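Here are a few notes to read alongside the model. Take them one at a time and look for each feature as you go.

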Amino acid sequence: MDSDPPFHEAYKTLFDKRTIEKKITPKNEQVVMVEECELPLIDLSRLEHGDEGEREGCKLEIARASQEWGFFQAVNHGISCEILEKMRFMQERVFKQPFDMKTKEDKYLNFSAGCYRWGTPTATCLRQLSWSEAFHIPLLDISTSPPSGSDSLSSTIGQFATTVSSLAQKLAEILAEKLGHESTFFQEHCLPSTCYLRMNRYPPCPIPSEVFGLMPHTDSDFLTILHQDQVGGLQLVKDGKWISVKPNPEALIINIGDLFQAWSNDVYKSVEHRVVTNSLVERFSTAYFFCPSYDTVIHSCHEPSVYRKFSFREYRQQVQEDVQKLGSKIGLPRFLVQSQ
């Protein structure tokens with residue numbers, strides 16, 4: 001039984017539309033080259049083992065990268081190679097399950113119904129289609145799941161999430177401190193039970209120049225911490241152009257989300273990024289989304305504020321409404337003060 005999602009069958013109308021358009025207006029296929037670069041690389045061991053000057057220097061690098069790039073890589077981050085390798089192994093195993101079993105994740109995989117996602121139901125053309133599948137798992141599911149064996153997927157996710165949650169809290173507090181705003185906001189509102197983990201798989205795609213693995217977007221959270229394999233495919237916007245991120249086997253990738261941009265009053269940048277497809281090999285990644293509870297009100301830590309106050313629930317609802325109506329997310333511009 002096939003494990004890949006039935007992209008061609010489900011999106012036959014879009015493929016047929018592509019075929020007709022090519023016959024009417026044939027185009028020469030051109031490969032757009034995107035420059036590859038290395039993100040700012042920050043050694044987090046200095047936070048624990050460095051002297052006062054090294055600790056302060058590390059914090060400043062984190063804040064600077066978050067302002068100038070919205071992304072950085074972290075090494076010596078405290079998550080063991082053993083946990084990362086185990087997570088990757090369990091991830092590959094669960095995605096190899098038959099497609100029909102993955103769509104019944106509550107019955108066969110002990111996940112909440114609806115956490116398995118693939119493709120883009122709202123797509124009206126191939127350029128809006130994401131050639132990927134994912135399990136988007138509320139960590140509340142993991143923290144409330146019954147105890148299981150050490151080799152189980154749930155147990156492995158729990159180990160990964162516990163260590164990454166601690167790292168996310170540490171980074172958020174540093175970023176707040178560098179704004180001159182030491183507070184308990186993140187400890188009070190961003191709990192392990194309000195955060196999410198997303199396991200991604202990007203199958204080989206027969207038309208990589210026409211379909212994204214993940215459409216261009218920004219993240220609707222405070223921080224995202226990503227562990228990816230060595231295939232590559234992550235791209236982001238820097239200085240108005242797309243650049244490709246060179247994979248680093250020892251690093252985690254951290255990026256600023258929309259909520260932190262609003263909270264920092266546009267000091268830290270939530271940057272548009274995407275995943276491109278590969279015609280030959282599959283790609284895996286795991287993302288941890290550092291989120292508050294739905295009722296948490298997001299407001300700037302400085303005045304005058306660029307954005308009006310809004311709850312996380314309101315933000316998510318607006319994003320979902322825009323995606324359904326327009327085919328893509330609008331995000332923070334919806335909440336600018338002058339837009340009221």
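1. The radius of gyration is taken over C-alpha atoms, and the globule rule is 2.2 Å times the number of residues to the power 0.38. With 340 residues, a compact globule would come out near 20 Å, and the protein has 20 Å, which agrees. Its C-alpha atoms fill a box of roughly 65 × 50 × 35 Å along the principal axes.

2. Please keep in mind that this is a predicted model: local features need pLDDT of at least 70, side-chain atom pairs count only at pLDDT 80 or more, and totals for chains, interfaces and linings use all residues. Residues are numbered from 1 along each chain as its sequence is written, and side-chain values use heavy atoms, leaving out hydrogens and water.

3. The protein has 12 helices and 15 strands; these are DSSP runs (helices H or I, at least four residues; strands E, at least two), numbered from the N terminus.

4. UniProt, in an unreviewed entry, places "domain: Fe2OG dioxygenase" at residues 193-292; such annotations may be inferred rather than shown by experiment. This stretch is 6% helix and 46% strand, and its end C-alpha atoms are 9 Å apart.

5. N265 is buried at 15% relative accessible area, while D266 is partly exposed at 25% (buried is under 20%, exposed over 50%, partly exposed in between, with a 1.4 Å probe and protein chains only).

6. Finally, find the cis peptide bond from E303 to P304, with omega near -5 degrees. P304 sits in the loop between strand 14 (297-298) and strand 15 (310-311).
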